Amino acid sequence: FELAAITYSVYPNPAKDVINITPFKANDRLSIYNNIGQEVLSSIANQVDISSLPSGVYLMIITDQSSDIPSYHKFIKE
């Protein structure tokens, strides 16, 4: 028995104002963390407004709620 995370595309990277995630299903949830591990944004949408975040490197964790298997992505906010 083997579980595999769903492969998501996160673009554009680097980004200025908006990050897009595909494929993104209705039961998915994402959280964005800064470089010291604080959650700075969370969303249940496939397009996330990151314009309020300062420039830097962020970790995005996308969780498929039906299986609870996380997918990890780094992105750069310009």
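**View 1. The largest nonpolar core has 15 residues.** In this predicted model, I19, I21, L30, I32, I50, M60 and I62 touch the most other core members. A nonpolar core here is a set of buried Ala, Val, Leu, Ile, Met, Phe, Trp, Tyr and Cys residues joined through side-chain atoms within 4.5 Å, with buried meaning under 20% relative accessible area (1.4 Å probe, protein chains only). Strands are DSSP E runs of at least two residues, numbered from the N terminus.

**View 2. I32 and its contacts.** Leaving aside residues up to four places away in sequence, I32 touches Q38, E39, V40, L41, V48, I50, L53, Y58, L59, M60 and F75. Contact means heavy atoms within 4.5 Å.

**View 3. The hairpin of β3 and β4.** Four bridges join β3 (residues 28-33) to β4 (residues 39-43), and the two run antiparallel. S31 has S42 in β4 as its bridge partner. Five residues sit between the strands, and G37 takes a positive phi near 90 degrees.

**View 4. An open sheet of three strands, ordered β1-β2-β5.** Pairing is antiparallel; two strands count as paired if DSSP finds at least two bridges between them. The edges are β1 (9-11) and β5 (47-49), each pairing on one side only. β1 and β2 (residues 18-22) share three bridges, and V10 stands opposite I21 in β2.

**Notes.** Residues are numbered from 1 along each chain as its sequence is written, and side-chain values use heavy atoms, without hydrogens or water. Local features need pLDDT of at least 70 and side-chain atom pairs count only at pLDDT 80 or more, while totals for chains, interfaces and linings use all residues.

How values were computed:
Buried means under 20% relative accessible area, exposed over 50%, partly exposed in between (1.4 Å probe, protein chains only).
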